Amino acid sequence: MPFDLAAQPWACVGLAALAVPVLLFAGGRRDMLAYLAAYFFLFGFGPVVSYLIGGTIYFGTNTALIGRAALGLLLAFAGVLGAGLLVRQRRDLADPRTAPTNRRLPLVPAVLAVLALYGLGVLAWGGPAFLAGTKLDRIAVAGPAHYDYLLLQMYASALYFVAHETSTGRFAYRLNLAVYTAYCLATGERDFVFVLFALVLHREMVLRRRLPRSVVWGAALLLGATALFGLRGGDAGESAAGQILNQGSVLFVDTWVMTHVPSAEPYLHGASYLHALVNLVPGQPQPPLAQWLVDRYAPGSASGYGFSLTGEAYVNFGLAGIPVVFAGLTVVHRWLANRIDRAPGYAYASLLFTIAWMYGFRGESQSLVKTCVYGALFYGVIRLVSSRIAPGDEPGQRDAGAERVAACASS
């Protein structure tokens, strides 16, 4: 289908959404929310743009409701922009790695080392088997702990600022990150892209660097994600632009949900968010919305289609719920990011929430809540078990230690 703005006036909705990251950038080039908005624009409106220029989109997308789905995405961006302008990012954030501290978490390097050794073991055991077959074949080679390992790696990656308190921690963190990236490439997973992007945003923010480096990193990660999408089963005949624009199935999920609700089933009125909390209780598993979708769209299918945070907000409260949900997520993100230099726990939580939000944009609240709550328990156990008063608690020695950390950070 050729691009025809007059025939598709709702394309203006996408242009309006594109203004959101631009407006956030205008408020400060180190604003993390601006880059996150650009990321959400790609995964949300990318397929819409692909459709407008005559490219392919996810199979099963209800093209008659693309305009309504685009409006829902615009409302999500409105929620992000409104909350982002109301709660601004601090411009005087200090680098948590240079802050003097008399606490050490010696268990952190050990945890990172164990995860790195496990990943290396899986890669060595699978060997050439990771070079052939589909993504599902490679996941089978990785073993039954595959998804648990990926979840633990999200938690481990959020330890960036904590791990950098010691040279051993820095080495263990870098080694584990390299192994994690190799593991994702071998199994066809893109999780590491979200992790690396979140790390870049936090580093650039605390180092007070400006736009170019973040843009270069973002473009490089985008190209990497696109290449990985093609390798793991994308359309070989699709153009490079089409592969870049068709990242994920958010548009498919949103149009299907809007087709089905409330015409076939009523709104959930917040039930899925309650289920996300109940799911945290051992022995009380709640069926995810992703399974709800499969059961209705393709009963008996072993395939998954994911879900979307915009689709979940619509399933619960219609279009009116979308900006409220995204405004709430934005406030939480701002609150954590503005405190990363106050305590290691905030630095960890800000990184983890950023990763979980990026990952959950194409998922649902159940996965986002589970990642954040279990991640908090992960950090709490590490702190409880390993936290101790560091030797040399005198002020002079603490200052010397802080200077050494600052020197390492700047080198």
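I looked up Thr 330 and found it in helix H16, residues 321–337. Helices here are DSSP runs of H or I with at least four residues, strands are runs of E with at least two, and both are numbered from the N terminus. Thr 330 is buried, because its relative accessibility is 0%. Buried means under 20% relative accessible area, exposed means over 50%, and partly exposed is in between, with a 1.4 Å probe and protein chains only. I listed what Thr 330 touches, leaving out residues up to four places away in sequence: Leu 33, Gly 79, Val 80, Ala 83, Gly 84 and Trp 357. Contact means heavy atoms within 4.5 Å.

A note on the source: this is a predicted model, where local features need pLDDT of at least 70, side-chain atom pairs count only at pLDDT 80 or more, and totals for chains, interfaces and linings use all residues. Residues are numbered from 1 along each chain as its sequence is written, and side-chain values use heavy atoms, with hydrogens and water left out.

**Salt bridges**

I counted salt bridges next and got 4. The rule is a side-chain nitrogen of Lys or Arg within 4 Å of a carboxyl oxygen of Asp or Glu. Asp 92 pairs with Arg 90, and their closest N and O atoms are 2.9 Å apart. Arg 90 is partly exposed at 22% relative accessible area. Asp 92 is also partly exposed, at 48%.

Arg 90 has a salt bridge with Asp 341 as well, at 3.0 Å from N to O. Asp 341 sits in the loop between H16 and helix H17 (344–360), and Arg 90 in the loop between helix H3 (66–86) and strand S1 (103–104), so this pair ties together parts 251 residues apart in sequence. Asp 341 is partly exposed, with 22% relative accessibility.

I then checked Glu 189 and Lys 135, whose side chains form a salt bridge at 3.2 Å, N to O. Glu 189 is in the loop between H8 and helix H9 (191–207), while Lys 135 is in helix H5 (residues 135–142), so the pair ties together parts 54 residues apart in sequence. Glu 189 counts as buried, because its relative accessibility is 5%. Back at the shared partners, I noted that salt bridges join Arg 90, Asp 92 and Asp 341 into one network.

Two packed helices are described by the angle between their axes and the distance between the axes. Axes are lines fitted to C-alpha atoms, for helices over the stretch in contact, and angles run from 0 to 180 degrees between N-to-C directions.

I took H6 (residues 146–157) with H8 (residues 167–187): the angle is about 145° and the axes are 11 Å apart. Their crossing is left-handed. That means the near helix is turned anticlockwise from the far one by less than a right angle; clockwise would be right-handed. On the H6 side, the residues in contact include His 146, Tyr 149 and Leu 150, and on the H8 side they include Tyr 173, Asn 176 and Leu 177.

I then took H4 (residues 107–126) with H6, which pack at about 145° with axes 11 Å apart. This crossing is left-handed. Leu 112, Leu 115, Tyr 118 and Gly 119 in H4 meet Tyr 149, Leu 152, Gln 153 and Ala 156 in H6.

Tyr 314 is in helix H15, residues 309–317. Tyr 314 counts as buried, because its relative accessibility is 2%. Beyond four places in sequence, Tyr 314 touches several residues, including Val 261, Pro 262 and Tyr 267.

The peptide bond from Val 261 to Pro 262 is cis, with omega near 5°. His 269 is in the loop between H12 and H13 too. Phi of His 269 is positive, near 55°. Most residues other than glycine have a negative phi, and most peptide bonds are trans. His 269 is exposed, at 60% relative accessibility.

**One more buried residue**

Phe 45 lies in helix H2, residues 32–52. Phe 45 is buried, with 1% relative accessible area. Phe 45 and Leu 251 are 206 residues apart in sequence, yet 7.8 Å apart from C-alpha to C-alpha.
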